[in-house]
Amino acid sequence: MNQKVLNSFLDNSKFNGFHKVLLAIGFFVITFSGYELSVFGSIVPVVIKEWNISTTQVGFIGSSAMFGMMLGAILLSFLADKFGVKKLLIVSIFIFNFFIVCATFTNSGLMFGICRFMAGVGSGGATPIVISLLTEYSPKANKAKMVAFAICGNQIGGILAPLVAMNVMPQFGWKPVLWLSILPLLLIPIFIKVIPESARYLSQSNQTDKLNATLTKIDPNYQAVLESTKETITFDAEDEKNSEKVSYLKLFNKRYALGTVLITLIYICGLLTINGVNVWLPQVMNSNGYALGSSLTFSVVLNLGTLLGTVLWAIMVDKVGFRVLMPIIYSVGAISLFGMGIKANLLVLYLFVGLIGMFAFSAHSLMNTFASQYYPAEIRTTGVGFANATGRIGGMLGPIVGGMLLTANVSITMWFLVFAIPGIVAAISITLINIQTKHFKQKENAIPENTVVEK
């Protein structure tokens, strides 16, 4: 089946029960990925005392998950494009939840860090695969909203982590806080039955029966719709041949090279700030005179702000576009981070924390939507996976930088200023991508001479 015909059918489909189930699964998976990412920051104050380790050592343990996520995003997302999205998503879900549960049986920083690394491998693969699957199947009018809603799972997981920690740790210690990850493991048989395989993969691997069954769920009258779609599709004879090849080299051809480099830079900046603040916010506030309960509340407010921003910007981006919205969000996020370092009363600080989530953190959630639409279908999972993988460099640096700043006893103003600077860099980078994209779209408006109409 011609990929342009199939993509057009999926883009123009009506939102129905099939999409709702897919969205619910994606949201659930990313929620537990977000929980895995945030839970370490919630238990850090207790772990430091129990194991008697330094803040710098904790920073490296916190970064171990980022090393794993970088490997998982590169390897598993690439394998998903080659061997099927569904298979690799199930593998990813198993890996990251299994090793989070295993971490509860450790009694040293080294073993905990190894479990965090392995959990990161699975989590790093799960997110770009979910984003790719949602982008492929979502109706065009709902793509940004569906991806953004699923990404909100990160914030729900980020809210759950400190809430569970506040209610569980005082009585039972830190280990039971991680036991929640057993739930996705129990649901894997249901995921195997319900999660659809990529339509593009089924088409290219000639799994006609499975493809027909999936398309029927989207539209029982899909065959007639496909036939009518063929009459309106214009395609390049090279499209089919090129779409069969999956290669990281395509990310660096003339059309996508600059965008790939800048998207990588934005992901690095975003994850440096997010992971650094996520891991250290309770400890930073606690060390500056706030009670542990209040410090954990900062994490809840942070994630609530991120949740609100992610939903709001997803709705707005369909109306005003990425070009206008993204630089503004990143800039306001940077200003909010700087404001957090100014001495103020508790209510003002809560306001700044909420704004950090609403702008600085939610901007990164929106970048997943942006990246999934920036790349064409044949390299979408690979492109999003590469961005998520290389961005983990920032994710690894964030906890380390935050720990080193605390060890150096810098002021709270300087601490937050360091994490505000990446937002300005991201704002400039997204502006350059928008200029480059506009340039190429103007060149691509003319139909090539070898373009034919399929009949």
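Student: What makes four of the residues lining the second largest cavity count as charged?
Tutor: The lining of this cavity splits into four nonpolar, four polar and four charged residues. Asp, Glu, Lys and Arg count as charged, and the lining includes Asp81, Glu136, Arg200 and Arg380, so those are the four charged ones. Keep in mind that we're looking at a predicted model.

Student: Which elements supply at least two residues each to that lining?
Tutor: They are α3 (55–83), α5, α9 (199–204) and α17.

Student: Why is this space, at about 100 Å³, called a cavity?
Tutor: The name cavity goes to points where a 1.4 Å probe fits but cannot get out, and that's why the word applies here. The space in this second largest cavity comes to about 100 Å³. There are six cavities of 30 Å³ or more in the structure.

Student: What about the largest cavity: how much space lies in it, and what lines it?
Tutor: About 270 Å³ lies inside. Its lining has 23 residues, with Leu37, Asn154, Leu271, Ile274 and His364 nearest the centre. Among the elements giving two or more residues to this lining are α2 (17–51), α6 (143–172) and α13 (257–287).

Student: How do you know which classes those lining residues belong to?
Tutor: By residue type. The lining of the largest cavity has six nonpolar, 16 polar and one charged residue.

Student: Why is the second largest pocket called a pocket and not a cavity?
Tutor: A pocket is an open set of points, whereas a probe cannot get out of a cavity, so the second largest pocket, with about 380 Å³ of space, is open. Of the 18 residues lining this pocket, Lys86, Val194, Ile195, Pro196 and Glu197 lie nearest its centre. By class, this lining has 10 nonpolar, two polar and six charged residues.

Student: What makes a group of residues a nonpolar core?
Tutor: Its members are buried nonpolar residues joined through side-chain atoms within 4.5 Å. Buried means under 20% relative accessible area, so each of the 121 residues in the largest core falls below that cut-off. Phe112, Leu215, Ile263, Met285, Met367, Trp415 and Phe416 touch the most other members, and α2 gives the most to this core, with 15 residues. A second, separate core has five residues, including Ala65, Met66, Met69 and Met396.

Key:
Residues are numbered from 1 along each chain as its sequence is written. This is a predicted model: local features need pLDDT of at least 70, side-chain atom pairs count only at pLDDT 80 or more; totals for chains, interfaces and linings use all residues. Side-chain values use heavy atoms; hydrogens and water are left out. On a 1 Å grid over the protein atoms alone, a cavity is a set of points where a 1.4 Å probe fits but cannot get out, and a pocket is an open set with protein on both sides within 12 Å along at least five of seven lines; lining residues have an atom within 4 Å of a point. Grid points are joined across faces, edges and corners, and a volume is the space filled by probe spheres set on the points. Helices (H or I, at least four residues) and strands (E, at least two) are DSSP runs, numbered from the N terminus. Buried means under 20% relative accessible area, exposed over 50%, partly exposed in between (1.4 Å probe, protein chains only).
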